[in-house]
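Okay, thanks for coming, everyone.

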Amino acid sequence: MSPKPRGISLGLFSQYRDELFGLSILSIVLYHYCLNVRAHAPAALTEGYLAWIGAVGVEVFVFLSGMGLWYSFSRQPDAGAFYRRRLSRILPVYLPVAAVFWAVRGILEGTGFLRFLGNLTFVTFFTRGVHTIWYVGFILLLYLLYPLIHKFLDRPSVPSRAIHLLILYAAFAGIMVVYRHVAPAHYDRELMVWIRIPIFLTGCFLAPFIKEGAELPAKAVFGVMGALLAGKAVTVFLPRAEGIQVFYNTLYALALMLLVCLLLDRPWKARPAAEPAAATAEPAAEPAAEPSTVASSSAPAGPLRRCLQFFGSVSLELYVIHVCLRNLVNYKGWPIWNPGVYAAVILVSLGLSIGLHKLNERVLTDRKG
């Protein structure tokens, strides 16, 4: 009897979570550079990156956040403790960096304290379309809503969970249609937030299957890759089909993540079976996702994986510091499209990120001690 074909484990999303975070922040940094080049003098290489990769790194962040929140809340389903854990992770990174940044911008622009508070608390995102550190505000909103989402999706059977996910998808689509009709100006400038809701809900939905290491047939994986190409064609030929675009982004990000995991895992390489994965320390970017309970077959971490894991460990710090520093350089009119100038921005951002990460780790260690 021929052996049963090996499927593709969803546990790979958890197994290579740190690497995915690292690749995501690197892709976001490169995306911002491509935007800088486009504003100065569009080039074929950067336009190709914007067309095929773009800001998909944000989708990866949001998906992994949904997955991590499910693990965190399932482990300790107390809303108060959940909020304390999440806020203690993100606010010590966000508040000092954002406070310094908005204070400097306020001095340069001559704005007052009320504008400073509005920027710091994301009020100006809705009133003035200030997008600089929008992702942190979005994640805080998801933290606030997550206990309700968890309760709605926590069903005893897979069909029931799937039906409730579809209800959330439909509710989201309906709210967006109404919102666009009622407040088109707000809809346009806030779209970067709302289009990420489906990928977050998908991460929440798939988290228990990821933990269990549920397997997908290889043919289904190839089907997803085919849908990826078809979806890209839809966005090319129907660029105004926003409803299709939003849900396509979810599929596209999932397919790219799975492809990256397969390349890191190298399932075609013969190697001895490993022991079940042990619990890993909580990465810096988001709430920790427990490893899959199935046996891990990952290859030993080489230089590439260690590099991605390093960037994943400081991804939140690097995101916040990078976007603030990039904004200041742009505001001063320095040629940030120049590779040397942008490299300097990245190096300074990385150095500050490492320092802030180590400082927060020390503070957390002292508190536990």
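The largest cavity in this one has a volume of about 40 Å³. Keep in mind that we're looking at a predicted model. How do you find a space like that? Rolling a probe the size of a water molecule over the atoms shows where empty space is left. Here, the count comes to two cavities of 30 Å³ or more.

So what lines the largest cavity? The residues are Trp102, Asn119, Phe122, Thr124, Phe125, Val130, Thr132, Ile133 and Trp134. Sort that lining by type and you get six nonpolar, three polar and no charged residues.

Let's stay with Phe122 for a moment. You'll find Phe122 in the loop between α6 (113-120) and α7 (123-127). Its phi is positive, about 70°, although Phe122 is not a glycine. Most residues other than glycine have a negative phi, and most peptide bonds are trans. Is Phe122 buried or exposed? With a relative accessible area of 14%, Phe122 is buried, because buried means under 20%.

On to the second largest cavity, with a volume of about 30 Å³. Trp70, Tyr146, His150, Leu153, Asp154, Arg161 and Cys204 line it. Which helix gives the most to that lining? That's helix α8, residues 134-153, with three residues. By type, the lining of the second largest cavity has four nonpolar residues, one polar and two charged.

Tyr146 sits in helix α8, and its relative accessibility is 1%, so Tyr146 counts as buried. What does Tyr146 touch, not counting residues up to four places away in sequence? The answer is Leu69, Trp70, Phe73, Phe82, Phe200 and Cys204. Take Leu69: Tyr146 and Leu69 are 77 residues apart in sequence, and their C-alpha atoms are 7.6 Å apart in space.

Now click on Phe200. Leaving aside neighbours within four places in sequence, Phe200 is in contact with Val62, Ser65, Gly66, Leu69, Leu142, Tyr146 and Ile149. Tyr146 and Leu69 turn up there again.

That brings us to the core. In soluble globular proteins, nonpolar side chains tend to be buried together. In this model, the largest nonpolar core has 87 residues. The ones with the most contacts inside that core are Phe13, Phe63, Ile133, Tyr135, Tyr146, Phe200 and Tyr319. Helix α4, residues 56-75, gives the most to this core, with 12 residues. There's also a second, separate core of seven residues, which includes Tyr33, Val329, Ile336 and Tyr342.

Two packed helices are described by the angle between their axes and the distance between the axes. Have a look at α9 (residues 158-182) and α10 (residues 184-194): their axes come within 7 Å and cross at roughly 145°. On the α9 side, the contact is made by Phe172, Met176, Tyr179, Arg180, His181 and Val182. On the α10 side, you have Pro184, His186, Tyr187, Glu190 and Trp194. The residues of that contact divide into seven nonpolar, two polar and two charged.

How about some residues that aren't buried? Glu215 lies in strand β2, residues 215-216. Its relative accessibility is 52%, and exposed means over 50%, so Glu215 counts as exposed. Even so, Glu215 touches Gly7, Ile8 and Ser9, not counting residues up to four places away in sequence. The C-alpha atoms of Glu215 and Leu12 are separated by 9.9 Å, with the two residues 203 apart along the chain.

Arg306 is in helix α14, residues 303-313. At 46% relative accessibility, Arg306 counts as partly exposed. Arg306 and Gly22 are 284 residues apart along the chain, with their C-alpha atoms separated by 9.7 Å.

One more: Ala343, in helix α16, residues 339-368. Ala343 is partly exposed too, with a relative accessible area of 34%. Its C-alpha atom is separated by 9.7 Å from that of Tyr33, 310 residues apart along the chain.

Let's zoom out to finish. The protein has 16 helices and two strands. Buried residues make up 47% of its 369 residues. And among contacts between residues at least 6 apart in sequence, 79% join residues at least 24 apart. Okay, over to you!

Definitions and conventions
Residues numbered from 1 in each chain as written. Predicted model: local features only at pLDDT ≥ 70, side-chain atom pairs only at ≥ 80, totals over all residues. Heavy atoms only, no water. 1 Å grid on protein atoms, 1.4 Å probe; cavity = no way out; pocket = protein on both sides within 12 Å on 5 of 7 lines; lining within 4 Å. Points joined across faces, edges and corners; volume = space filled by probe spheres on them. Nonpolar A, V, L, I, M, F, W, Y, C, P; charged D, E, K, R; others polar. Helix = DSSP H or I, 4+ residues; strand = E, 2+ residues; numbered from the N terminus. Core = buried A, V, L, I, M, F, W, Y, C linked by side-chain atoms within 4.5 Å. Buried < 20%, exposed > 50% of the residue type's maximum accessible area, 1.4 Å probe, protein only. Contact = heavy atoms within 4.5 Å. Axes fitted to C-alpha atoms, helices over the stretch in contact; angles between N-to-C directions.
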